[in-house]
Amino acid sequence: MGLSGFVMKIPKEGAHLAKEKEKVVKSSEEVLRVLKSTSDPNSVFSYFMAVAGLPYVVHTTETCNYMLEVLVTHKRVEDMAAVFNFMQKKIVYRNLNTYLSIFKGLYIRGGIRQAPTALEKMRKAGFVLNAYSYNGLIYLLVQSKFCREALEVYNRMVMEGMKPSLKTYAALMGAFGKRRDTQTVMDLLGEIEHLGLRPDIYIFNICITVLGRTGRIDEAYDLLKKMEEEGCKPDVVTHTVFIDALCKAGKLDNAKALFVKMKASNSLKPNRVTYIKFLDRLSDCGDLGTLKEIWDEMKADGYTPDVVTFNILISALCKAGNVDKAFDTLGVMNVNGVSPNLYTYNILIGGLLRASRLDEALKLFSYMESLGVKPNTITYNLLISGLVKSNSVDKAIDFYYDHVPYNFAPSLYIYGLLIDGLFKLGRHDEVMLFFEEMAINGCKPNCEIFSILINGFRKTGGVETACKLFKRMVEEGIRPDLKSYSILLNSLCFLDKIDDALYHFEELKQNKISPDSHCYNLLINALGRSQRVEEALSLYTEMQSRGLFPDLYTYNKLILNLGIAGMVQQAVSMYEELKLKDLEPDISTYNALIQTYSRSGNPDLAFAVYKKMMVVGCDPNEETFAQLPSQT
């Protein structure tokens, strides 16, 4: 729509003002000042349109957004559409607030995320997006991490016959790449080609990165060949990305070969980023020997080690258990005038803790603080974890109180460590004090914290408390996960509340959580123990229909409980089945079978099982002799 198509005509007063402003308007700041100087929407809009009609563009995103807000207040949607169309025609940037104002005027709630559903309502109201607006809206959605919504807007754009820009494709592919959604990334690459666009090197690099992250190296190689065939010559970035991908896929030899190829090339020499990426991946892989070789080559190529590369080397040494050499490297840093940063100290503290050198880690922490290096949450997590793991829970608690809330905000991870440590010492009352303190410090417990609590009370005999905590978790709106359900089922089975356990088992499945073998084993054992053997067998069948394989524990419990129920033939069938599945019977298997035969009045068969277990080298225990029938 051109300026002649604006809904509201400029009155004489506005036209006169336009002539005046044509002489004097020089800046958007001046326009914004005038717009804000009156509360009359007609005058404001007239002035806005007068400035819009000038032969040069003065309006900016700020002046247009201000006009939209005024029009929203007075419910003048058609005039809002005129402002938006002016922005499109004159290529005035439409930012997040532009769209939020339009959504507000059209009574669309939920923010920018509602863009896919808002588009049709916008179109009907006169807001017809051009290709630039679509590209910009997609980019805004990606920036806001609403990737699925961005993809929906993209699909509508394509359906309307518009071609997204390569920048838009790059934004979408980059976002889905970070989510490891390889399929969507590769689908978008296909659509680029279908629309007759030529992928640029940035697009190809994104695809190679994503394929590498998911271990699809052969496809990444194919893409590299395709680049060359289409005249898109791979650059240093492409090769760096490929080296990174090969390392992540565990193909170190291929990565080294590609690096050598880069070194031999005149146009593809490794740059600082290449060295950093390669060194970092070698550190992750634990290839300290190659790392030192590449380190020396980096220096020979004129790239002086900085704090980033020194940190990579120190991290690799700590992972390899060479903490003393890591400290030697710290000394080299100082000699070369490279100041260690917080990350350096965190690496060293972690290395000392892995080497069980807790006192030295605490000393390094104090030294770090004396230098003015402020610890972060990672530092505190490392030290509190180290103290708890070394059974110094009281020291961990003292350390916690020395630094909370003055120096850091405790995380859920910290609380989980301290609560778990207190459980191990049997200090249940203190556990609940810490739990309640979390809310005071603004740290809302999640499912993991509740699981630690529920499991802790279950293990220490507070099974009723464990069940109450599960109920509290649900009441507080926290959705249980498989781990928390497993702990609850264990607790209920322990209390012989089998029906309650079965109820929550069904609830688990209704919540679209797939039960594992552990859940089935808990219930199969509990049902068998309660002489509800048919129900136990039903669950045994169900678990297999879900693709779960019964293990030795499953068979042992079924053999035992079938034998107790007098179902001898079924018990023997279970024993034969476990052997067919290449499971090795253990002492519990043989004891259950001996008991089955003994209780059913088959002493000869019971002793035959006893002899067999002796032949295969399975030593009997006290229970074995207790189950054997008396010999007269």
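This is a predicted model: local features need pLDDT of at least 70, side-chain atom pairs count only at pLDDT 80 or more; totals for chains, interfaces and linings use all residues.
Is tryptophan 295 buried or exposed, and at what relative accessibility? At 7% relative accessibility, tryptophan 295 counts as buried; buried means under 20% relative accessible area, exposed over 50% and partly exposed in between, with a 1.4 Å probe and protein chains only.

Residues are numbered from 1 along each chain as its sequence is written, and side-chain values use heavy atoms, with hydrogens and water left out.

**Aromatic pairs**

The structure holds 23 aromatic pairs. Rings of Phe, Tyr and Trp (its six-membered ring) pair if their centres lie within 6.5 Å; planes under 30 degrees apart count as stacked, over 60 as edge-to-face and the rest as tilted. Helices (H or I, at least four residues) and strands (E, at least two) are DSSP runs, numbered from the N terminus. Phenylalanine 310 is buried as well, at 4% relative accessibility.

Next, select Phe259, Tyr275, Phe278 and Tyr303, which ring pairs link into a cluster. Then move to tyrosine 139, where the charged end of lysine 167 sits over the ring, 5.2 Å from its centre. The criterion is NZ of Lys or CZ of Arg within 6 Å of the ring centre and within 35 degrees of the ring normal.

**Salt bridges**

The model contains 34 salt bridges, each a side-chain nitrogen of Lys or Arg within 4 Å of a carboxyl oxygen of Asp or Glu. Select arginine 532 and glutamate 535, whose closest N and O atoms are 2.8 Å apart. Arginine 532 is partly exposed at 22%, and glutamate 535 is partly exposed at 35%. Elsewhere, salt bridges that share partners join Asp244, Lys248, Arg281, Asp284 and Lys319 into one network.

Within that group, display aspartate 244 and arginine 281, which meet in a salt bridge at 2.4 Å, N to O. Aspartate 244 lies in helix H14 (residues 236-248) and arginine 281 in helix H16 (residues 272-285), so the pair ties together parts that are 37 residues apart in sequence. Aspartate 244 is buried at 7%, and arginine 281 is buried at 15%.

**Helix H4**

Select residues 61-73, helix H4, which has 13 residues and reaches 18 Å from its first C-alpha to its last, close to the 18 Å expected at 1.5 Å a residue. The expected span is 1.5 Å times one less than the number of residues. Its buried residues include Thr61, Cys64, Met67 and Leu71. The buried residues of H4 pack against helix H2 (28-36), helix H3 (41-52), helix H5 (77-89) and helix H6 (96-105), contact being heavy atoms within 4.5 Å. Just after H4, lysine 75 takes a positive phi of about 55 degrees.

**Cysteines**

The count of disulfides, pairs of cysteine sulfur atoms within 2.5 Å, comes to 0.
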